[in-house]
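I record here what I looked up on salt bridges and on one pair of helices.

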Amino acid sequence: MESVVYDTYDAYDAQSDLSGTGQVRVAPSARALATEAVHAGREDLAAQGLHAAPIDLSTTYPSYDSRGEAARIDAFAADGAEPEGPPVYARLGNPTVARFETALARLEGTESAVAFASGMAALSAVLLVRNAMGLRHVVAVRPLYGCSDHLLTAGLLGTEVTWVDPAGIADALRPDTGLVMVESPANPTLAELDLRAIAHACGSVPLLADNTFATPVLQRPADIGARLILHSATKYLGGHGDVMAGVVACDEEFARRLRQVRFATGGVLHPLAGYLLLRGLSTLPVRVRAASSNAAELARRLAADPRVARVHYPRIGGAMIAFEVHGDPHDVIAGVRLITPAVSLGSVDTLIQHPASISHRIVPSQDRHDAGVSDHLLRLSVGLEDVEDLWEDLEVALGA
Ligand SMILES: Cc1ncc(COP(=O)(O)O)c(C=O)c1O
């Protein structure tokens, strides 16, 4: 069994301001996050006489130089580095998707990023990378998104999971532990973890932080020791409810292994999705801040409402609210008119769902309850509508 020791990635001299001003500066360019959001991954466009990024839908690329192609394939097989020169085949890499990867890595403050067909495909690739090294044991903290929990609990990819409280991480590590996985704020309870302390407890085992809910606008886990940053890009990165995608931001060493797994297993991102994600990133800071301001106000009103038993709203802010009602949560779902009763999150419009019925249905009910996902809990993904209209809809849906 191969055992690998990783140093915490520290190649970028990133300085984060997590104070909520949003002025995260991203080295090496030392530009603010808002600037990177609209420029990263697009630096070459003006020189080509282009403004919008081109969408390259080719599945294959003609070449009269098959010796050169053979060399590029050999190089990729050997180390997983992005092939130099013209692309070969779409499963190996796509220029439009690469732009999104470049931009997301810049926003998260990592060396690289590797995009996949969905968040679950991205997580699967991480697990496969570690499995291939004989490191099949995962230590994880609940709650996680329901399907992430299920993938680990069911051992569908041959992993074995130990669920722990954050304080139990160090003691749970074994020689074959390949990964520690956490979400903060967590889906669906919005529980927050001390990522810095957790990264420390992981020692040389890579920490994977699912940053889907916070986005790099609110928190950059790589700056405080997480080696792998996972996103369901289906959510805030795309931002309009019309793209399914996943991405892992990480150091180039891990990215190479992820690219090799992606090439061999095929969970690639479609170039049109890559284009939409790049476009989505450009408004990410504005969307997250505007939706967060709506959410903070709704959380305040919900907390003051006698029909609401409990409100969970993260200290770092964000556009997600979890709240428990005294009455029947199914009646609230049935009662909304402006708000869309649907799973998923991170879109421009507001969505509500009942985690025990949908997003976390696949988690055994006892585990769900132990993780704080009560049957009365509702999860609200707050969008960009006027806050008064949202409150009016919630008021009616909450009933008498
Ligand atoms: C926090 C989190 N991580 C991962 C996923 C999985 O992403 P996808 O649905 O894009 O596969 C989700 C989906 O809801 C999620 O909420």
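Entry 1. I looked up Arg-174 and found it partly exposed, at a relative accessible area of 31% (buried is under 20%, exposed over 50%, partly exposed in between; 1.4 Å probe, protein chains only). The model is predicted: local features need pLDDT of at least 70 and side-chain atom pairs pLDDT 80 or more, while totals for chains, interfaces and linings use all residues. Residues are numbered from 1 along each chain as its sequence is written, and side-chain values use heavy atoms, without hydrogens and water.

Entry 2. I followed Arg-174 to its partner, Glu-160, with which it forms a salt bridge at 2.9 Å, N to O (a side-chain nitrogen of Lys or Arg within 4 Å of a carboxyl oxygen of Asp or Glu). Glu-160 is partly exposed too, with 41% relative accessibility.

Entry 3. I then examined Asp-251 and Arg-227, whose side chains form a salt bridge at 2.6 Å, N to O. Both residues are buried. I also noted a network of salt bridges with shared partners, joining Asp-79, Glu-252, Arg-256 and Arg-259.

Entry 4. I found a salt bridge between Glu-36 and Arg-106 at 2.9 Å, N to O. Glu-36 and Arg-106 are both buried. By the rule above, I count 22 salt bridges.

Entry 5. I turned to H3 (residues 95–108) and H10 (residues 271–303), whose axes come within 7 Å and cross at roughly 30° (helices are DSSP runs of H or I, at least four residues; axes are lines fitted to C-alpha atoms over the stretch in contact, with angles from 0 to 180 degrees between N-to-C directions). The two helices are therefore roughly parallel (angles under 35 degrees).

Note on methods:
Parallel < 35°, antiparallel > 145°, perpendicular 65-115°, else oblique.
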